[in-house]
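Visitor: I would like to learn how to read a few features from a set of coordinates. Could we start with burial and go on to contacts and pairs?

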Amino acid sequence: TIEDDWGEPVRLDWPINTSYVDANPHLSSDGLTLYFTSVRPGGYGSCDLWVTTRPAKDAPWGQPDNLGPSVNTWADEAYPSITADGLELYFSEFQAYRDGGYGGQDIWVAKRATKNDPWGEPVNIGPPVNTASRDGKPTVTPDGLVMFIRCYERAGGYGSGDIWMTRRATRK
């Protein structure tokens, strides 16, 4: 129940955590797929998006896979967030930015037709969400209709980093 106390945190061991930076986890709605950011070897830039799966919630995690060159580039991809159906992957850049952006940091989306298909080429979600400021760290709701983002120095904000929210009527 909601009144229950949280248990003692348990570190995820290898192959999830390594001696490299492994961060920004996002668990799929069924609890069987974990997306995260890592600077481990085998990537396309210094910071890439990785995924690991398990057959059941009580099973160990498998060997992580890099999401590959359709998602990861020479830039730093980070902060994954996925819709409940597993068909849209949102992420932002971190420190090294992808070509075709609107500002210092942008939010991108990669899509696929089914959960068994590879991710398509990411697309910058553009304005009005992305601006000349640093817009990033997306968290999309399970239905994919609301997204929370962190923006640094965005016009109309209260400080250097603020939480913003955006909505859309449908998922085209």
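Guide: Start with Asp-135, which is buried, with a relative accessible area of 0%. The model is a predicted one. Asp-135 sits in strand E9.

Visitor: Which side chain makes a polar contact with the side chain of Asp-135?

Guide: The side chain of Ser-133 does, at 3.1 Å. Not counting residues up to four places away in sequence, Asp-135 touches a set of residues that includes Ser-92, Asp-106, Asn-130, Arg-150 and Arg-154.

Visitor: Asn-130 is in that set. Is Asn-130 buried or exposed?

Guide: Buried means under 20% relative accessible area. Asn-130 has 2%, so Asn-130 counts as buried. Asn-130 is placed in the loop between strand E8 (123–124) and strand E9 (134–140). The Asn-130 side chain reaches the backbone nitrogen of Ile-107 at 2.9 Å. Leaving aside neighbours within four places in sequence, the contacts of Asn-130 include Tyr-102, Ile-107, Asn-124 and Asp-135.

Visitor: Next, aromatic pairs. How many does the count come to?

Guide: The count comes to 2 aromatic pairs. In one, the rings of Tyr-35 and Trp-119 have centres 6.5 Å apart and planes at 70 degrees. Planes over 60 degrees apart count as edge-to-face, so the pair of Tyr-35 and Trp-119 is edge-to-face. Tyr-35 belongs to strand E2 (residues 33–38) and Trp-119 to the loop between strand E7 (107–111) and E8, so the pair ties together parts 84 residues apart in sequence. Both Tyr-35 and Trp-119 are buried.

Visitor: What are the centre distance and plane angle for the rings of Tyr-79 and Phe-94?

Guide: The centres are 6.0 Å apart and the planes stand at 80 degrees, so Tyr-79 and Phe-94 also form an edge-to-face pair. Tyr-79 is in strand E5 (residues 77–82), while Phe-94 is in the loop between strand E6 (88–93) and E7; the pair therefore ties together parts that are 15 residues apart in sequence. Tyr-79 is buried at 12% relative accessible area, whereas Phe-94 is partly exposed at 31%.

Visitor: And salt bridges?

Guide: Side chains of opposite charge can pair when their charged atoms come close. A search of the whole structure gives 8 salt bridges. One of them joins the side chains of Arg-98 and Glu-77, at 2.8 Å from N to O. This pair links distant parts of the chain, 21 residues apart: Arg-98 is in the loop between E6 and E7, and Glu-77 is in strand E5. Arg-98 is buried, with a relative accessible area of 8%, and Glu-77 is buried, with 0%.

Visitor: Which residues are linked in a network of salt bridges?

Guide: Asp-85, Glu-88, Arg-168 and Arg-171 are. Asp-85 bridges to Arg-171 with the closest N and O atoms 3.0 Å apart. Since Asp-85 is in the loop between E5 and E6 and Arg-171 in the segment after strand E11 (161–167), the pair ties together parts 86 residues apart in sequence. The side chains of Glu-88 and Arg-171 meet in a salt bridge at 3.2 Å, N to O. Glu-88 is in strand E6, 83 residues from Arg-171. Glu-88 is buried at 4%, but Asp-85 is partly exposed at 31% and Arg-171 is partly exposed at 25%.

Visitor: Which residues form a nonpolar patch on the surface?

Guide: Tyr-20, Val-21 and Val-39 do, with about 260 Å² of accessible area together. Val-21 is in the segment before strand E1 (22–27) and is exposed, with a relative accessible area of 53%.

Conventions. Residues are numbered from 1 along each chain as its sequence is written. Side-chain values use heavy atoms; hydrogens and water are left out. Patches are made of residues with over 30% relative accessible area and no salt bridge: like charges are joined within 9 Å, nonpolar side chains (Val, Leu, Ile, Met, Phe, Trp, Tyr) within 5 Å. Accessible areas come from the Shrake-Rupley method with a 1.4 Å probe; for residues, only the protein chains shown count as cover. A salt bridge is a side-chain nitrogen of Lys or Arg within 4 Å of a carboxyl oxygen of Asp or Glu. Helices (H or I, at least four residues) and strands (E, at least two) are DSSP runs, numbered from the N terminus. Buried means under 20% relative accessible area, exposed over 50%, partly exposed in between (1.4 Å probe, protein chains only). A polar contact is a pair of N or O atoms within 3.5 Å; within protein, one must be able to donate a hydrogen and the other to accept it, and residues adjacent in sequence count only if both atoms are side-chain atoms. Contact means heavy atoms within 4.5 Å. Rings of Phe, Tyr and Trp (its six-membered ring) pair if their centres lie within 6.5 Å; planes under 30 degrees apart count as stacked, over 60 as edge-to-face and the rest as tilted.
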